[in-house]
Each structure stands twice: as C-alpha cells, then as structure tokens.
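Me: I am new to this structure. Please walk me through it in short questions and answers.

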Amino acid sequence: MGVTAPTGVEDRGSRAPRPRSAVAGDGRAEPRVRVRAPGEPRRVAYLYVAPAMLFYAVFAFAPLIYTGWLSFFDWDGITVGTWAGLDNYRELWDDPGIRTSFVHSFVLIIFYAFVPCFLGLVLASLIAHSRVRGATFFRAVLFLPQTIATVVIAIAWVWIYAPDGPLNEALRAVGLGSLARGWLGDFDFALPALGLVGSWVMFGLCLVLFLAGIQKIPISLYEAARVDGAGRVREFFAVTLPGLRGELAVALTLTTIMALRTFDLIYVSTAGGPGTQTTVPSVLVYQNAFVNGKVGLAAAVAVVLTALIFVVAFGITRIVDRDPSR
Amino acid sequence: MTAARREQLLSYAVLIVFAIIAIYPIVSIVLLALHKRSDLVTGFSIPDTLDFGTFKTAWQEGALGRGLINSFIVAGTVTVVSAVLSTFAGYAFGAMRFRGSELLFYVLLLGLIFPYEATVIPLYYVFKDAGLTDSLWALILPQIGLSVPFGTFWMRAFFRSTPGSLVEASRLDGASSFTTLWRVLLPQAWPAITTMIVLVFMWTWNEFLLALIMIQSDDLRTAPLGLALFAGANRGSNDVTLTAAAAVIVALPVVIVYVFLQRSFIRGMFAGAVKE
C-alpha cells in the first residue's frame with residue numbers, strides 16, 4: 001500500500017555507537033574515530049544527493065509545508081482565499097464531528113497496534129524455542145496480508161462482514177444466529193469490525209518481527225532464568241520482554257502510524273458510515289478538501305494528523321533510546 | 001510425551017491456527033470469484049465446478065486491462081527512477097563525508113513518516129494550475145518524491161555496511177567516485193537493490209488516495225482505483241462474485257512477485273530496522 005510506507009524502519013545499526021561526531025557531521029576529518037566513511041569531505045557528494053533531494057523537496061517536503069500554510073486560510077479551492085489565522089484550528093477543536101474522528105483514530109490504534117503487538121508477544125514467547133519445520137512457509141503466509149492492496153483487503157472483508165457473508169453464516173451454523181447482523185452497517189460494531197481488519201493485517205508482521213527478535217536473545221539468559229527457578233511468566237518479563245524492546249518499539253511505531261493513516265480501508269468499505277461512526281481524520285481531509293470545498297479546514301486536520309504521527313514516531317523512539325540498560 | 005515435544009505441538013497448533021486466519025479472507029475471495037455469476041453464494045462455499053467466466057466478465061466490465069497497464073506504467077517508472085536516485089543518494093550518505101550530510105539526511109527521514117494526506121491538498125491544486133492533474137505524471141512525480149526517503153535510507157544502510165577499505169583501495173587506484181560505485185560497489189549491491197525495488201513497486205502498485213484525487217478520466221485509472229469504483233458501482237447489485245474476481249486480478253501481480261521474492265520482502269521491511 002502506498003500507505004504502507006516504510007515507517008519505523010530505523011537505522012539502529014548506525015545508532016548503536018552514537019557516531020554523531022564521527023560521521024562527518026561537521027565536515028572535519030577525525031582520523032582516530034573513523035567509522036565507515038573514508039576520505040576527506042567530498043563536494044561531489046552533493047551531485048549524488050541532489051536529484052533525490054530535489055524530487056523529495058519539490059513533491060513531498062514543500063507540499064507538506066504548503067499544507068501548513070493553507071491551514072491558515074479560508075479557501076473553497078476556487079475563488080481567492082482569505083487569511084483566517086487560527087480559525088480553522090478553532091473550528092477543528094470546536095467541531096464535535098472532527099473531535100470524534102480523532103477518537104475513532106485512537107480506537108483504531110488499539111486494534112492496529114496494541115492487539116497485534118500483545119498477541120504477537122505472547123505467541124512469539126510461547127513458540128520461540130521449539131524447533132518447527134516449515135518456518136519459512138509460516139512466515140510467508142503470516143506476512144501475506146501486508147502485500148495485498150488495501151482496496152482488495154477492504155473488498156474481502158466487506159464480503160466477510162456482509163449480511164449473508166461467511167461470518168454471519170458461521171454464527172447461524174453454531175446457533176448464534178441472533179448475533180448475526182450487517183456488521184459494517186451497525187452503529188456500534190462498524191468501527192471495531194474495521195479495527196479487527198487492521199489487527200488482521202498487522203498481526204503477522206508483529207509475530208514475525210518478534211520471533212526474529214527472540215532468536216537474537218542469548219539462550220544463556222533463558223538458562224540462567226531457569227536456574228533461578230523462574231517460571232514461564234517470570235521468564236517472559238525478565239528475559240523476553242526486555243530483549244524485544246527494540247522490536248516492540250518498531251512494531252508499535254509502525255502499526256500506530258498505520259492506524260492514524262487509515263484511509264483506503266474506510267473509504268472503500270464504509271466511506272465513514274454508518275452516519276459518521278467510522279469517520280477518521282484522513283476521511284475528513286479528503287471530504288473537506290475535495291468534496292465540501294473547505295480546503296483550509298482540511299489542511300488544518302491534515303496538519304494535526306501529521307503532528308500526531310510525528311509525536312508517536314519520535315515519542316516511541318525516545319522512550320526506547322532512554323533506556324539505561326542498553 | 002516430553003516437554004519439548006509438547007511445546008513443539010503447541011507451536012504447530014498456534015502457527016497453523018494463525019496461518020489459517022491470515023489466509024482465510026484471501027481464500028474466501030478467491031473461492032467467491034470462482035463461482036458462476038448466477039450462483040447465489042452465502043457464507044463459506046466451495047464452487048461445484050471451476051468457472052473462470054466471472055474473471056472474464058470482470059476483466060471486461062471493470063476495464064481492468066487498462067487499469068493494470070496504467071498501474072504498470074506508474075509503478076514501473078516510479079520504481080526505476082527512485083531506485084537510481086536512491087542508489088546515488090545512498091552512496092553519498094553512506095560512503096562520503098560532506099558538510100550538512102546529517103541535517104539533509106534527517107530532513108529526508110521525515111519523509112518516511114508523514115502521510116500522503118499531508119501533501120495531497122497542495123499537490124492537487126498546484127498540479128491543477130499546471131494542467132498536470134488527470135495525467136499519469138500526477139501519480140508518478142509525487143510518488144518518486146515519497147519513495148526516495150525509504151530508498152535512500154535503505155541504500156545508505158547498505159553502503160555503510162560495505163567495508164570502507166574497498167572504497168579506499170579503489171580511490172587509491174585513482175578511480176573516480178562513479179567508477180568506484182559502478183565497478184566496486186554495485187556488483188555487491190544487487191540484493192539490497194532488489195529488495196528496494198520490490199518494496200517500492202508494491203507500495204506504488206497498491207496506492208489509492210493519490211489516484212482517487214488526481215485521476216478523472218476512465219482510461220487513466222490505476223488498477224486499485226478502477227477496482228474501488230467498480231466495487232462501488234456493483235454494491236447492492238448482489239453481484240459479489242464479479243467484484244471478487246476483479247479484486248483477485250488486481251492483487252495477483254504483487255502476490256506473484258511476493259511468492260518468488262518473499263525473503264526480499266520480509267527482509268526489506270525488517271532488516272536494518274532491528275539490527276541490535
């Protein structure tokens with residue numbers, strides 16, 4: 001998914017020794033702490049960097065700044081806009097519909113981030129130390145949802161949740177037919193139902209990530225825990241969880257950002273309905289900017305959404321970095 | 001039964017259950033697509049006879065051929081251009097020292113995080129003024145801009161991991177920076193480049209919002225956009241099999257690549273991420 005941009009992928013390899021001064025930050029060569037980059041400052045580097053930076057600056061970074069600028073205007077997209085100061089932000093704050101859309105985002109975070117990370121941690125620690133044939137196969141299958149276009153995922157799940165779809169048929173088959181309903185048309189269940197789709201997409205990623213992480217925890221730590229008489233639960237909190245700190249941070253960042261960015265799934269499956277029960281900020285950005293002609297307000301929502309994403313990304317990284325045990 | 005054996009069985013049970021959960025929605029939509037259009041499908045149902053007629057109808061009615069071609073043009077161009085640009089930039093960031101490299105790199109890293117929603121509004125209005133909306137350029141140019149942060153980040157990690165002595169030796173031999181890249185480093189870089197290409201292609205292929213906003217003409221739709229509109233038009237007509245068939249066709253190219261290159265996919269999304 002264009003939406004699946006590679007967030008959360010961080011260059012930990014380079015961060016470990018904190019090479020701030022060694023990596024040419026100030027351009028002076030430091031012969032003793034040479035890390036990788038050999039040689040003197042090189043002007044030619046700018047030539048190599050320029051084309052990529054140009055595309056990025058013109059088509060990504062400048063529009064980002066421009067969105068911020070637009071958020072201070074009252075503009076319908078056609079006539080001349082007028083300066084509105086912070087009016088759009090005030091409207092954003094006062095409008096219960098917009099506030100609710102952010103609440104919906106937080107509900108989605110629970111389903112996109114917490115549920116898969118929790119499940120992934122528990123299951124990974126259960127199965128990490130047994131020899132399993134076909135690990136590659138399982139990994140590939142669990143990861144498959146990540147590769148499917150969100151539009152396709154939405155269509156598949158609309159069918160599963162449909163009034164006569166597999167979920168309701170299964171409920172009827174086990175005598176729970178009274179629970180059957182059109183899940184995505186239900187005021188109470190539409191948002192959690194979409195959230196579960198997010199859990200489904202993210203779960204495999206979290207599990208695969210954690211399994212890989214556990215393999216890197218020295219087995220001697222587990223042996224030591226056993227010698228100390230730790231049970232599985234103690235072992236989990238004393239060895240596995242601290243050992244997976246980095247992976248957990250990556251998984252949480254990645255999935256939280258995905259939750260905040262959710263657009264395709266909702267646009268295709270419910271378009272924000274029923275009523276506004278599944279309306280999230282990105283849907284409001286789209287509607288206000290391209291349907292309702294409230295471009296300034298749309299830009300303000302986009303700015304707040306982006307700010308939230310930055311806070312999440314940097315917040316989680318900070319928390320992990322500060323850990324004294326590393 | 002020993003404890004180790006019990007643990008192993010538990011592992012299999014967990015993995016099998018969750019593998020089924022992961023694959024069920026995909027299987028169900030494929031099964032749905034294999035039904036005849038006249039079949040009234042409810043719940044989990046395996047078709048009596050294999051029928052590819054629905055695929056044919058979906059292909060024609062959804063104009064999927066055009067959509068797939070457009071998606072190939074967009075994803076192909078974005079992937080090739082951003083791979084070249086990212087390799088150059090990653091080379092500079094990973095193997096050279098220059099003033100301001102840290103600052104530039106951090107600014108670029110922001111691009112890994114911020115959402116399309118934050119850029120599409122001005123992109124749409126600026127492109128409209130320039131007469132670029134409703135063209136494939138409106139999809140290609142911004143997506144190159146949003147792909148180079150990952151590509152550069154990824155290639156920088158690769159170039160940092162190559163022994164500095166290689167570059168030094170090459171320079172002592174009097175090779176230019178480009179010769180060093182071309183002769184010494186690139187031959188080792190192909191696995192990293194493949195991974196980058198595969199991921200950027202997938203993200204671009206699956207992109208939806210930008211196409212939704214920029215494209216108005218029927219014959220410029222990308223595959224996901226065409227699919228979404230097709231599904232919307234079919235909703236309520238009870239023609240679930242047709243929508244399912246179209247969805248399978250749109251997902252197939254990436255899934256095929258994934259089946260062959262799944263190691264690259266998974267490594268790309270993790271490696272470098274968690275090296276600790």
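## Where two helices cross

The axes of helix H6 (residues 150–161) of chain A and H1(B) come within 9 Å and cross at roughly 85 degrees. Axes are lines fitted to C-alpha atoms, for helices over the stretch in contact, and angles run from 0 to 180 degrees between N-to-C directions. Helices (H or I, at least four residues) and strands (E, at least two) are DSSP runs, numbered from the N terminus. This is a predicted model, in which local features need pLDDT of at least 70 and side-chain atom pairs count only at pLDDT 80 or more, while totals for chains, interfaces and linings use all residues. Residues are numbered from 1 along each chain as its sequence is written, and chains are lettered from A and ligands numbered from 1 in the order in which they are written.

Me: How are H6(A) and H1(B) oriented to each other?

Reply: Angles under 35 degrees count as roughly parallel, over 145 as roughly antiparallel, 65 to 115 as roughly perpendicular and the rest as oblique. The two axes cross at roughly 85 degrees. H6(A) and H1(B) are therefore roughly perpendicular.

Me: Which residues have the most contacts inside the largest nonpolar core?

Reply: A residue is buried if 20 or more other C-beta atoms lie within 10 Å of its own, exposed if 12 or fewer, and partly exposed in between, with C-beta atoms placed from the backbone. A nonpolar core is a set of buried Ala, Val, Leu, Ile, Met, Phe, Trp, Tyr and Cys residues joined through C-beta atoms within 7 Å. The largest has 190 residues, and those with the most contacts inside it are Ile155(A), Trp159(A) and Ala247(B).

Me: Which helix gives the largest share of this core?

Reply: The core has 190 residues. Its largest share is 18 residues, from helix H8 (residues 190–215) of chain A.

Me: Is helix H9 (residues 219–227) of chain A buried or in the open?

Reply: Gly229(A), with a positive phi near 80 degrees, follows H9(A). None of the nine residues of H9(A) is buried, so the helix lies largely in the open.

Me: Is Thr79(A) buried or exposed?

Reply: Thr79(A) sits in the loop between strand S1 (73–74) and strand S2 (82–83) of chain A. It has 8 C-beta neighbours inside 10 Å, so Thr79(A) counts as exposed.

Me: Where is the cis peptide bond with omega near -5 degrees?

Reply: Look in the loop between helix H12 (264–269) and helix H13 (281–290) of chain A, where Pro274(A) is found. Ala271(A) lies in that loop too, and has a positive phi of about 55 degrees although it is not a glycine. The cis bond runs from Gly273(A) to Pro274(A).

Me: How many helices does chain B have?

Reply: Its C-alpha trace spans about 75 × 70 × 30 Å along its principal axes. Of its 276 residues, 51% count as buried. Chain B has zero strands, and its helices number 11.

Me: Where in chain B does pLDDT stay under 50?

Reply: pLDDT is the predictor's confidence in each residue, from 0 to 100. The mean for chain B is 87, and 93% of its residues reach 70 or more. Where pLDDT is low, the predicted coordinates should not be read in detail. In chain B, pLDDT stays under 50 over residues 272–276.

Technical notes
Contact = placed C-beta atoms within 7 Å.
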